[in-house]
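Open the model in your viewer and keep the selection panel at hand. The stops below say what to select next and what is there.

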Amino acid sequence: MTWRPRIGLEENGTSPPQAEIIYSLGKNLQTCHHLHRITEKALSASKNVKFENPHKPDLVVEFFKNHGFTQTQISSVVRKFPPVLMRDTQKILLPKLEFLKSRGVSSADVARIVSTNPFFLKSSLDNTIIPAFDFLSNLCQSQAKAIAVIQRYRRLSLDQLTRMSPNIETLRETGVSDSSITYLLIYEPGAFMVSYDRFRRVVEKVEKIGFSPSKVHFVVAIKVLCMMTKSTWNKKVEVYRKWGLTEDEIFVTFKRQPWFMTKSEDKDQWRDGFSC
């Protein structure tokens, strides 16, 4: 890997010009073996990072390559989380990859998880990642499902995950199966982050509409309602009523296909949802 001669400390002991380090980083990413097609967005994002050591980005790129990350995955990590270029590969990055592997995650899946959610690398291993993983594994009764939640939930925080407990308990008290709860955790973990009072109101509304807690549509409806405010719901209901639907017909359609209420208010999409 070739860096331009001037990269290094200047004569007065200060760091080299930022622009020159960026130039060299770009050159390295573009020419390092199979990384010649690294995206411009990744390089642009890296310009926001102050490099005190011009060789560290080089080491980070090489580290990911040696651990089976593809050029696209490395690009994704750098674009989404530029500070990763200044992380210590052995003290900070490696232990987190090894933790995932110790829990049965393959090298290919480690690369996929990290490139999808590189903020995983920002979290403390001992204070956040391990406790959160244990919490989710116990909750989901599956390490694989716990990994799926971590991969989708960018704001990984043990405090946030712990706040999910009362809402999850509400679903269990209502008769929702663990498999449906896990489904919601994997595909919309943010739904559990609303306040306990609001979550309980949403659950009560879903019950009142007539959804069965034994069906997965129950948690899908919860997901939809947690995504929108009361005013948004009322606006959609009003639009559909103007098109001739009664309120009962709107709720029947919502029961049949909860995603119906997330569509834009145009007649073509309305007909598709109503005809399901």
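## Overall layout

Of the contacts between residues at least 6 apart in sequence, 67% join residues at least 24 apart. The model is predicted. Colour by secondary structure: the protein has 16 helices and 0 strands. Colouring by accessibility instead marks 47% of the 276 residues as buried.

## Stop 1: the nonpolar core

Select Phe64, Leu121, Leu171, Ile222 and Met261. These are the residues with the most contacts inside the largest nonpolar core, which has 71 residues. Helix H7 (residues 125-140) supplies the largest share of this core, with 8 residues. In soluble globular proteins, nonpolar side chains tend to be buried together.

Now centre on Leu121 and show its surroundings. Leaving out residues up to four places away in sequence, Leu121 touches Phe64, Val77, Phe81, Val84, Leu93, Lys96, Leu97 and Val114.

## Stop 2

Select helix H3 (residues 56-66) together with H5. Their axes come within 12 Å and cross at roughly 25°. An angle under 35 degrees counts as roughly parallel, so H3 is roughly parallel to H5. The crossing of H3 past H5 is right-handed. To see the contact, show Leu59, Val60, Phe63 and Phe64 on H3, with Thr89, Gln90, Leu93, Leu94 and Leu97 on H5. By class, 7 of the residues in the contact of H3 with H5 are nonpolar, 2 are polar and none is charged. Phe64 of H3 is also one of the residues with the most contacts inside the core.

H5 passes H7 in a right-handed crossing. Pro95, Lys96 and Phe99 of H5 meet Leu125, Ile129, Ile130 and Phe133 of H7. The contact of H5 with H7 consists of 6 nonpolar residues, no polar ones and 1 charged residue. Lys96, on the H5 side of this contact, is also among the residues that Leu121 touches.

## Stop 3

Which residues of H13 are buried? Select Phe218, Val219, Val220, Ala221, Ile222, Lys223, Val224, Leu225 and Cys226. With 9 of its 11 residues buried, helix H13 (residues 217-227) is largely enclosed by the rest of the structure. Show the helices against which these buried residues pack: H10 (164-174), H11 (178-187), H12 (196-209), H14 (230-242) and H15 (247-256).

From there, move to H11. Its buried residues include Ser180, Ile181, Thr182, Leu184, Leu185 and Ile186. They pack against H7, helix H8 (143-152), H10 and H13.

## Stop 4

Select Phe192, in the loop between H11 and H12. Is Phe192 buried or exposed? Its relative accessibility is 0%, so Phe192 counts as buried. Apart from neighbours within four places in sequence, Phe192 is in contact with Arg163, Met164, Asn167, Ile168, Leu171, Ile181, Leu184, Leu185 and Phe199.

Next pick Asn167, which lies in helix H10. Asn167 and Phe192 are 25 residues apart along the chain, and their C-alpha atoms are separated by 6.1 Å. Asn167 counts as buried because its relative accessibility is 0%. Not counting residues up to four places away in sequence, Asn167 touches Phe192, Val194, Ser195, Tyr196 and Phe199.

## Stop 5

Select H14 and H15. Their axes come within 10 Å and cross at roughly 115°. H14 passes H15 in a right-handed crossing. The contact joins Trp233, Val237, Tyr240 and Arg241 of H14 to Glu247, Ile250, Phe251 and Phe254 of H15. In the contact of H14 with H15, 6 residues are nonpolar, none is polar and 2 are charged.

Finish on Asp248, which is found in helix H15. Asp248 has 60% relative accessibility and therefore counts as exposed.

Definitions and conventions: Residues are numbered from 1 along each chain as its sequence is written. This is a predicted model: local features need pLDDT of at least 70, side-chain atom pairs count only at pLDDT 80 or more; totals for chains, interfaces and linings use all residues. Side-chain values use heavy atoms; hydrogens and water are left out. A nonpolar core is a set of buried Ala, Val, Leu, Ile, Met, Phe, Trp, Tyr and Cys residues joined through side-chain atoms within 4.5 Å. Buried means under 20% relative accessible area, exposed over 50%, partly exposed in between (1.4 Å probe, protein chains only). Helices (H or I, at least four residues) and strands (E, at least two) are DSSP runs, numbered from the N terminus. Contact means heavy atoms within 4.5 Å. A crossing is left-handed if the near helix is turned anticlockwise from the far one by less than a right angle, and right-handed if clockwise. Ala, Val, Leu, Ile, Met, Phe, Trp, Tyr, Cys and Pro count as nonpolar, Asp, Glu, Lys and Arg as charged, and the others, Gly among them, as polar. Axes are lines fitted to C-alpha atoms, for helices over the stretch in contact, and angles run from 0 to 180 degrees between N-to-C directions. Angles under 35 degrees count as roughly parallel, over 145 as roughly antiparallel, 65 to 115 as roughly perpendicular and the rest as oblique.
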